[in-house]
Each structure stands twice: as C-alpha cells, then as structure tokens.
Amino acid sequence: MSDYNSQRFIKMNKKFVEFVDMNSDVKSSHAPEEPLMSKPGETLPEPSTMVKLNTAESVDEPKIVLNIGQPEKRIIGLTKEQLQIYADDPYWKKLRISLFVLFWIIWIALFAAAIVIVALTPKCPGKPVKSWWQRQLCYRVWTYGFKSKNAQAFGTFEGIEQRLAELSKLGVDTIWPTTALNVSSADNDVNSFLTVDARAGTMDDFKNLIKAVHQKGMHIVINYPLTTSDQHEWYQAYKANQQEYVDFYKRDQNGGNYYVQGYGSLLLLNFHNPAVRTKWLEGIEFWLNNGIDGFYIPDLVKIKEHFEVELLLDTLQDRVKEIVKTKQLRNDDILIFADLNQPDIAVMSNERLQLQLFPTFGNISSTCGAMCMANIIETEMARKSKVNSSNYVWQLGSFEDYNRLAVRMNDPRRAELVMFSVLTLPGSVVFLYGDEIGLGQPDVPLKQLMPDGEATENTTAFPTPFQENGNLLYMKQTKDKFSSLKTLRAVGKLRSQQEAFMFGNFTHTVIDDMLIIWRMDMTEATNFVAVFNFGTSSQDVHLQETLKLSTSNQVTIVASTSNVQSLGKFLPREKLSVEDQSTITVDSLVGVLLKYK
C-alpha cells in the first residue's frame, strides 16, 4: 500500500464513529475503540454478518469492512487445566467414589425389593396341565362304511383322509378308525398285528392318513385286540404244534379253542405265556414307530377271569414308556384305554388305563329327560371321585349295538339337544360318525360294506355321513344357515379355544325339565351358561335368580339348536340385556348357550 493511502486510512480510523448494536449485544459507545479493518491473515466472518462501507473516493482506495453480526459466544465454565486441579483433589475423589457406590447400593436394593414384591404377591391360579386325550372330541369311524375314494360303497383310509378338513372344523381332536388292522371279518379277529386291511387300503395309504391327521393337529388311535382269527400265522403254527407256539392260545375246559364272545372267530391269546406278551408288544412298538397316538384294548372285561389283566396292563405301560424314551417319538403322551364295567373301576387305575370308557350316554333313549341326563352326569362325577381320576369321559355310542343317537332318541331334535349338552361338559367325548348330522335309520346294505360281502343276520347297516343319503344330508347341513352340524361346530370351537371350556370348572342343576350347565373361567373373565329344555312345553328362565346373571353382565348368545330358526329368537351373536328383560322363554327341545362377562 502507498504512503499516501496508509496515512489516509489512519486518519479515517481515528475519525471512526462507534456503532452501537440495536440488541445491546455489541459494545457501548463508551467502549475503547477497536480497528474495524481486518488484520492481515485474519479470517473474515460470513458475508451475511458483515456490512461493507465504501468510503473511498476511488476504486483504488481500500474498503472498510465492519462486523456488526452477533458477538462471539464465550464459553462459561472451567478450563481443562482448572478441572484437572479438582480431579486430583482427594476430597473430590472421595466424594465421587462415595456417590458411585451409593448409586449401586440403591439400584441393587430396588432390584431386590422388586423380586420380593413379585415373590410375595398372590399368584393367579395356574392352568392345569392336561393331556390331549383329557379334553378330546373323539370321532369313531367305521372304516368300511365311511367314505371311499371313488364314491363306491366300500370305505377306505384315503376316504377318511379326504374328509379331515370337515372333521377339523367340527372340532374333532381324535380319529378312531375301526378297523385299521388286518382282520378277517370283524373288528377284532386279527390276521396280522403288523399289517392293515388291504380292502381299506395299502400300508402307504394308512401312513398317509396318519401323517395327514398329525398335520391337522389331530391324533389317531386304533383297536389293538387280545384275540386273533384262525388265519393268523401264530394260530397256524399253534395248530401245527410248532414248539415255539404250542402254548400260544387259551384252551377251554375240554382242551379245545377258547373263543371270546363277539362277532367273528375271536381266538383268545394266552397271556400267561411270556412269549405271547413279547410278540404282542412287538406290534405296539411297530405302530408307535409309525405314529399311532393311542391303543384301545377291546374285550378287557371279558378276559379278566382268565388272566391277571392288571399285570398285562402294567407290562404294556412299562413297554410304551420305554419305547417313547428310547425312540424319542414325536408324541410322548400315548393313550391306553378300554371299556370297563362299574365294578372294575377300582382295579383299573389311571396308571394302567389313562381313559376308562363307560356307556354313560350310550344307553339313553327317548324317555331320557333333564333329570335322566343329570343322573348320568352325577354317576360319572362319582366314578371320577372314587378312583381319584382327573378325567371325565362321555361316550355317546359304540359299535356294540350299532344304534345311532338319532335312532335311540327317536327324534333328530332331541338327539341334537343331547349332543349339544354333552359337548358343553368337561373331559373327553366319544361319538359315532354321522351323529353330528343326526343320521338315523339304516340305508346302506351291510353286505355291501362288510368284507367280501359277507351275509349276516342284520342285512342293513348305518347310513354313512359321506356316502349315499348321508352325504346329501351333510351337504345340506353345510349350506343351511342353521343346522345340527353348524351348532356342534360352534360348540366344538369353544371347547378348543375358550379357557372356561379348556380349564374351567363346571356345575349343573335341573329345574322342572330343564338342564342348566355352567362353565366358568378360573379368572372369571368370560363364563358360559347353557339351558336345555328336554320338556314338552315352553319354560320361563329368570336371568338373575336362575342363571345367576347380573345387570352389569354383557350377555351374548354363542350357540343354539338349529330349531331356533323357526322360532325367530336365540339367534347366534344376538345380545341380551339383563337390565331390560328379567326372563327368557325357552321352547321345547331348544338349547341355548350364553356367554357373559
């Protein structure tokens, strides 16, 4: 810069008038003067915070740059050097350590207090652990008459597999095909314990059925008899006096063959012989390895006078446990069950038989009303209490008499009412195929369904739910807005989804000819009450006094018998107001299930 310009700049700097910031963030007019021009090498502020004053008389003269932006913020606090002085001070060191220790003591104390609170707080009642067979809905199928793969009269394993989706919707947990094993002419005259009946399908067909059942989250059980036919290889060897089989069969008083009373030639095995027990148990292992979940032992009551049945069952249970443990089976909870008479219940403990089947509802007829139903329920409760059992078992029918529920009740409406009421009870329910749609009188000739078209005294058999007229009825009930099938589907879903049905308590009472059943959740969150009118006339039911409902309850109809369609009331999902109406009128042979919260 020239001397002239330098002198001139100095004069201008001396004449500079101080600027005072409008926000009073800059220095006052009494502050010492500071140069307004940046020093050589100094970084200028951003242009937005600068004001350029051109006071030069020519473009060659220097320009003055004034910084009137926000003042530089100053850091308030201690410097690093000052902090280091306190960091090394013994007093502050002790204080920091004391606070650190105090923090962890408080934290640990709070954590311990939380544990104590959780431990001492009363726990919610735990859900009882139940096996799959303790609350199953068991569907008993006569394999030959159920459903064929080609719409023929003769049923097959593949036909059962094709209908698993429908059975799953019904809430069925267990499939019980009778028969499955290779038999001669009936259920229990076995030709081989290691093969299936070729007339119902191949071994691969049966394995596919087992696999499909498990894929649906269901179980499958089979008959495993104590008898064989005269076609069994054991009997052929026994008859030929082969040394290994010389004592394989039970003899009668005259030294001849001993036959168990029943359909077909039921030759009783000699279970006193350890070799027989070993051979018989080999079949159990074979089917466990192939996925069977349970075994029904027929004719157990009939042979108890000949063998130590308790010893046989103990041996069976021990072998099953051993197989489950060593083979690491998919299902480690295997069901062993049988039909018993009342005098046998004290002998057959739960360790020997997980389920003990009794006729319960198997012998009811059209004369059975609400009091009759209650007596059957109380008899089963007494049996359960007597043997200290945790299992209720309700059997609606069997193949012993081949009488369907609708036939015995002589009225499909009454049959539906019985079926509906039984499904609201706790425990296992066993029923025959076709009862879900109220199949009645026989319409399929037995000789078309039995192996080899064998002629029998009774030339007719059950109608089947997926063949002949039974299939038409099933399709109709599937399409109808209200039907026995849809009622039972609704209750079946509740049995598998609602805790009141799965784990809750139940109680019942009879008023006039009405059976009332309560199912109560342990937490009392959602409860159910069912009313079944077995009488011949309508009856009024008081919601508060009889059903124990309160005005604060939210009441919804969740299921009702199919005849409500013609009555125009008690329709599913309909709301009831306890406050607005004190009673409901239940017509003859009508059942209704209410949910209340």
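Reader: At roughly what angle do the axes of helix H14 and helix H17 cross?

Author: This is a predicted model. The axes of H14 (residues 412–423) and H17 (residues 484–497) cross at roughly 5° and come within 10 Å.

Reader: Why are H14 and H17 called roughly parallel?

Author: Angles under 35 degrees count as roughly parallel. The crossing angle here is roughly 5°, so H14 and H17 are roughly parallel to each other.

Reader: Which residues make the contact between H14 and H17?

Author: H14 brings Glu-416, Met-419, Phe-420 and Leu-423. H17 brings Ser-484, Thr-487, Leu-488, Val-491 and Arg-495. These residues divide into 5 nonpolar, 2 polar and 2 charged.

Reader: What makes S12 and S13 edge strands?

Author: They belong to an open sheet of 8 strands, in the order S12-S11-S10-S7-S4-S3-S14-S13. Strand S12 (355–357) and strand S13 (393–395) each pair on one side only. Neighbouring strands of this sheet are turned by 20° against each other on average, direction ignored.

Reader: How do you know that S3 and S4 pair?

Author: Pairing takes at least two bridges. Strand S3 (residues 137–142) and strand S4 (residues 174–178) are joined by 5 bridges and run parallel. In one of them, Cys-138 has Thr-174 of S4 as its partner.

Reader: Which residues of strand S23 are buried?

Author: Ile-584 and Val-586 are buried and point to one face. Buried means under 20% relative accessible area.

Terms used
Residues numbered from 1 in each chain as written. Predicted model: local features only at pLDDT ≥ 70, side-chain atom pairs only at ≥ 80, totals over all residues. Heavy atoms only, no water. Helix = DSSP H or I, 4+ residues; strand = E, 2+ residues; numbered from the N terminus. Axes fitted to C-alpha atoms, helices over the stretch in contact; angles between N-to-C directions. Buried < 20%, exposed > 50% of the residue type's maximum accessible area, 1.4 Å probe, protein only. Parallel < 35°, antiparallel > 145°, perpendicular 65-115°, else oblique. Contact = heavy atoms within 4.5 Å. Nonpolar A, V, L, I, M, F, W, Y, C, P; charged D, E, K, R; others polar.
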